[in-house]
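Keep the picture open beside you and follow along as we go.

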Amino acid sequence: MRTFLVTFHKTVSDGRGHDHRVLQQQTVVPASYGEAAADAAKALFCQAASIVDWRLRADTCEVVELADLAV
């Protein structure tokens, strides 16, 4: 089974109108493929934040296989 790093970010504006990406949560998930890792991480994010939809707290969900990071 492969391992994925799943990262959630929210884009927020500062007082000057500049946008910044803020890390909301990062988790390592074992899965057979990237989409399964994203689905598992989304469920964990919702459970941890006590929300029904991860998009209430984040704008993006990025999935990277950890083996890819080691290269």
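Start in strand 3, where Glu-62 is the bridge partner of Thr-7. Strands and helices here are DSSP runs (E, at least two residues, for a strand; H or I, at least four, for a helix), numbered from the N terminus. That pair belongs to a set of 6 bridges joining strand 1 to strand 3, and the two strands run antiparallel. Two strands count as paired if DSSP finds at least two bridges between them.

A quick word on what you're looking at: this is a predicted model, where local features need pLDDT of at least 70, side-chain atom pairs count only at pLDDT 80 or more, and totals for chains, interfaces and linings use all residues. Residues are numbered from 1 along each chain as its sequence is written, and side-chain values use heavy atoms, with hydrogens and water left out.

Strand 1 (residues 2-13) pairs with strand 2 (residues 19-31) over 12 bridges, in the antiparallel sense. One of the pairs to look for is Thr-11 with its bridge partner Arg-21 in strand 2. The two strands form a hairpin with 5 residues between them, and in the turn Gly-17 has a positive phi of about 85 degrees.

What about the inside? The largest nonpolar core has 13 residues, and Val-6, Phe-8, Ala-37 and Trp-54 touch the most other members. Strand 1, strand 2 and helix 1 (34-49) each give two or more residues to this core, and helix 1 gives the most, with 5. A nonpolar core is a set of buried Ala, Val, Leu, Ile, Met, Phe, Trp, Tyr and Cys residues joined through side-chain atoms within 4.5 Å. Buried means under 20% relative accessible area, exposed over 50%, and partly exposed in between (1.4 Å probe, protein chains only).

Leaving aside neighbours within four places in sequence, Val-6 is in contact (heavy atoms within 4.5 Å) with residues including Gln-25, Ala-37 and Cys-61. Gln-25 sits in strand 2 and is buried, at 19% relative accessible area.

A disulfide is a pair of cysteine sulfur atoms within 2.5 Å, and the whole structure has 0 of them. Cys-46 is buried at 12% relative accessibility, whereas Cys-61 is partly exposed at 24%.

Ser-50 has a positive phi of about 55 degrees although it is not a glycine, and it is exposed, at 67%.

Finally, how confident is the predictor? The protein averages a pLDDT (confidence in each residue, from 0 to 100) of 93. Confidence is highest in helix 1, at 97, and lowest in helix 2 (residues 66-69), at a mean of 73.

Conventions
pLDDT = per-residue confidence, 0-100.
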